[in-house]
Amino acid sequence: MAKTIAVIGSQWGDEGKGKIIDYLATGADMVVRAQGGANAGHSVVIEGKRYSLHLIPSGVLNDNAVNIIGNGVVFDPPAFLAELDSLRADGVAADKIYISDRAHVVFPYHKLLDKLAEEARGANSIGTTLKGIGPCYMDKVERSGIRICDMLSAGFKEKLAGRIAAKNEIIVKLYGGEPLDADAVIAEYEAYAGRLAPYVRDTGIMVDEAISSGKTVLFEGAQGSMLDLDLGSYPYVTSSHPVSGGFAVGAGIGEGRIEEIIGITKAYTTRVGEGPMVTELLDGMGDLIRERGHEYGVTTGRPRRCGWFDGVVCRYTARINGTTGLALMLLDVLDEFDEINLCYAYEADGERLDYYPASLEKVSACRPVYKTIRGWKRDISAVTSWDELPAEAQAYVSEVEKICGVPVKFISVGPGREQTIVR
Ligand code: IMO
Ligand code: MG
């Protein structure tokens with residue numbers, strides 16, 4: 001196994017990244033989050049107990065790993081502290097976590113503006129997680145954001161007061177909302193600054209030293225490639241870069257330093273929020289996937305939209321990430337189907353497409369072209385090796401490899417650590 005491995009989502013998020021990260025993190029010295037924020041929802045099951053992580057890297061469940069929240073993350077202090085407290089209440093030590101001093105901070109006005117902007121979009125809403133992600137990245141790009149290092153500096157109070165005054169103008173005058181109480185917000189965030197200070201570092205130096213000294217470093221993706229601001233299904237995307245390139249900027253390392261890029265993909269497709277989804281199943285088949293796969297959001301509790309495996313998406317995301325291997329998740333969810341479809345191309349107005357178009361109008365007009373594979377109709381949740389998999393399931397995996405042009409290196413047949421087939 002390579003020493004530096006990135007795990008990225010190959011679809012629209014929720015692919016099961018947490019499980020593979022946890023699997024790889026058992027041998028890792030360091031686990032790094034580099035973009036996104038508390039919009040992520042990674043669930044990891046260890047000895048029957050489910051842990052839900054949003055902002056803290058999944059490596060926290062391995063007592064030996066150092067966990068880094070990189071500069072590209074938008075950092076939500078109360079979400080972080082609540083997660084930390086809850087992990088410790090569960091007996092997790094969580095004592096090796098470091099936050100980049102360059103990370104931007106999510107404030108209450110970001111969350112409020114997220115909600116107000118979504119309401120204003122009406123029928124065109126994005127379906128965000130309302131965690132303030134977009135508005136926080138907007139401030140960063142506008143060069144008016146407040147970073148962790150600013151939060152720990154003398155001028156923090158004045159800086160925050162200035163930002164709240166400016167945001168209250170927008171909240172009140174543009175949206176007709178209730179202004180925030182500046183004194184209350186300042187007092188709350190000054191208290192957070194005190195609690196956070198011991199965790200803050202120039203984390204780029206730590207990541208660089210770990211790689212240079214031959215440590216095993218895992219880069220933990222959040223969200224999915226189709227939610228990438230540049231390369232995803234814009235505008236129904238998040239405001240960051242969940243693709244492998246996001247790790248270089250978001251962790252502060254050179255682009256060539258990650259050797260292996262594992263793309264996590266479900267054996268089918270899900271999506272939360274709005275936007276076209278070519279292989280979506282609006283019938284009983286979709287309901288069966290949702291129930292068997294427990295497809296409800298970890299972060300928002302929303303039922304996820306479900307559909308067949310979209311190979312056009314997966315081939316595209318393999319290309320934009322430079323994926324070196326796939327992890328095919330939740331294969332056991334398909335145990336009960338007589339026949340299973342894999343989409344390998346789209347068709348629009350009589351034209352065959354083998355790539356994902358930029359224009360969402362065009363995507364909306366696309367119909368999936370399927371290859372149908374016979375179902376295996378057997379419970380595979382206890383299978384631990386490739387040879388034990390039913391021939392039909394092997395055929396399914398091989399078809400995914402053929403469509404995406406990338407080898408499947410991991411197959412998951414259940415939530416437990418032991419329910420993982422390594423090839
Ligand atoms: P994990 O790490 C699934 C989606 C939201 C919405 C869009 C924009 O669990 O895979 P945002 O709040 O980021 O501005 O919302 O992106 N989204 C996710 N969907 N899994 C995630 O993370 C997601 N993070 C954001 O549903 O459609
Ligand atoms: Mg999620």
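These are my notes on a predicted model of a protein, going from the whole chain to single residues.

**Overall form**

I started with size. The protein has 423 residues, and a compact globule of that length would have a radius of gyration near 22 Å. I found 21 Å for the protein, so the value agrees with a compact globule. Along the principal axes, the C-alpha atoms fill a box of roughly 65 × 50 × 40 Å.

I then looked up the secondary structure and noted 13 helices and 20 strands. For contacts between residues at least 6 apart in sequence, I noted that 75% join residues at least 24 apart.

**Surface and charge**

I checked burial next: 58% of the 423 residues count as buried. The accessible surface comes to about 16,800 Å². Carbon and sulfur atoms account for 51% of that surface.

For charge, I noted 45 positive and 58 negative side chains. The centres of these two sets lie 2 Å apart.

**Domains**

I looked up the division into domains. Domain 1 is made of two segments, 4-99 and 200-261. Domain 2 covers 104-196, and domain 3 consists of 265-404 together with 416-422.

I then turned to the pair formed by domains 1 and 3. Their C-alpha centres lie 24 Å apart. On the domain 1 side, 35 residues are in contact with 35 residues of domain 3.

**Ser58**

I picked out Ser58, which is found in the loop between β4 (49-53) and β5 (66-69). Is Ser58 buried or exposed? Its relative accessible area is 1%, and buried means under 20%, so Ser58 is buried.

Which residues does Ser58 touch, leaving aside those up to four places away in sequence? I listed Gly18, Ile21, His42, Val44, Leu53 and Glu220. Of these contacts, I followed up Val44: Val44 and Ser58 are 14 residues apart along the chain, and their C-alpha atoms are separated by 7.8 Å.

**Helix α4**

I ended with α4, which spans residues 133-142. I noted Ile133, Gly134, Pro135, Cys136, Tyr137 and Asp139 as buried in this helix.

What do the buried residues of α4 pack against? I found two strands, β6 (74-75) and β8 (104-105), and two helices, α3 (108-121) and α6 (156-174).

My last entry concerns the residue after the helix. α4 is followed by Arg143, and the phi of Arg143 is positive, near 70°.

Conventions
Residues are numbered from 1 along each chain as its sequence is written. Chains are lettered from A and ligands numbered from 1 in the order in which they are written. This is a predicted model: local features need pLDDT of at least 70, side-chain atom pairs count only at pLDDT 80 or more; totals for chains, interfaces and linings use all residues. Side-chain values use heavy atoms; hydrogens and water are left out. Helices (H or I, at least four residues) and strands (E, at least two) are DSSP runs, numbered from the N terminus. The radius of gyration is taken over C-alpha atoms; the globule rule is 2.2 Å times the number of residues to the power 0.38. Buried means under 20% relative accessible area, exposed over 50%, partly exposed in between (1.4 Å probe, protein chains only). Contact means heavy atoms within 4.5 Å. Accessible areas come from the Shrake-Rupley method with a 1.4 Å probe; for residues, only the protein chains shown count as cover. Lys and Arg count as positive and Asp and Glu as negative; His and the chain ends are not counted. The place of a charge is taken as NZ of Lys, CZ of Arg, CG of Asp or CD of Glu. Domain bounds come from an automatic or database domain assignment.
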